[in-house]
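Hi,

Here is the structure I promised to send over. My notes on it follow below, so please have a look whenever you get a moment.

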Amino acid sequence: MFREINGLPGHILVVHAVVVLVPLLALLAVAYGVLPRWRSRLGWAVAVLAVLAPIFAFVATESGEAFEEVLEERGYPAQALEKIHEHSEYGENLLWFTVGLAVAALVLLVLTSNHPRVPQLPRWAVPALIVVVAVLAAFALVYAYLTGDSGAQAVWGNTL
């Protein structure tokens, strides 16, 4: 399922969505938290990105593993497979930071919704959650960079 899309390696097609969606989620979730005046404008985008970014990150991870298996089957050199494995490890971390960020962003959306069914929490809860969102966003951005850079180096650095 994740191996090919219309005859091309699925990973190569899906990663472009991750490169766009994860940084957008990170930036907009932080903006939503620290700019209360913009919450009404940003809330829908944060909600959509909090759903889509982890899905695409998961698909990219799974398709990357399938692509890695293809390269192993084709007998790629150990040095190349080592770089690909490093890229894969960065991608796994990116997936988990993206999932964590998405969950934290969705919880932040709920807690700031002023809906009557949302329980009243201590005053420090929302600011603390904003800090959690910011930290997870920073890690997601760092791992998006590391994953993308290591993948680009593998492709354009004559590894593949």
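Residues 12-35 are 96% helix and 0% strand, with 35 Å between the end C-alpha atoms. Helices here are DSSP runs of H or I with at least four residues, strands are runs of E with at least two, and both are numbered from the N terminus. Please keep in mind that this is a predicted model: local features need pLDDT of at least 70, side-chain atom pairs count only at pLDDT 80 or more, and totals for chains, interfaces and linings use all residues. Residues are numbered from 1 along each chain as its sequence is written, and side-chain values use heavy atoms, with hydrogens and water left out.

The stretch 12-35 is one of those that UniProt, in an unreviewed entry, annotates as "transmembrane region"; the others are 42-61, 94-112 and 124-146. UniProt positions are in the numbering used here, feature names are shortened, and annotations may be inferred rather than shown by experiment. Residues 94-112 are 95% helix and 0% strand, and their end C-alpha atoms lie 26 Å apart. The UniProt record, again unreviewed, also places "domain: DUF2231" at residues 8-157. Over that span the chain is 84% helix and 1% strand, with the end C-alpha atoms 21 Å apart.

Now for the helix packing. The axes of helix 2 (residues 39-73) and helix 3 (residues 78-111) come within 9 Å and cross at roughly 160 degrees. Axes are lines fitted to C-alpha atoms, for helices over the stretch in contact, and angles run from 0 to 180 degrees between N-to-C directions. Helix 2 and helix 3 are therefore roughly antiparallel (over 145 degrees). Their contact involves 16 nonpolar, six polar and four charged residues. Nonpolar covers Ala, Val, Leu, Ile, Met, Phe, Trp, Tyr, Cys and Pro; charged covers Asp, Glu, Lys and Arg; the others, Gly among them, are polar.

Helix 3 also meets helix 4 (residues 125-156), with axes that come within 8 Å and cross at roughly 155 degrees. Helix 3 and helix 4 are therefore roughly antiparallel as well. The contact between helix 3 and helix 4 has 21 nonpolar, seven polar and no charged residues.

Is E68 buried or exposed? At 10% relative accessibility E68 counts as buried (under 20% relative accessible area, with a 1.4 Å probe and protein chains only). Leaving aside residues up to four places away in sequence, E68 touches I84, H85 and S88, where contact means heavy atoms within 4.5 Å.

Best wishes

Note on methods:
Buried means under 20% relative accessible area, exposed over 50%, partly exposed in between (1.4 Å probe, protein chains only). Angles under 35 degrees count as roughly parallel, over 145 as roughly antiparallel, 65 to 115 as roughly perpendicular and the rest as oblique.
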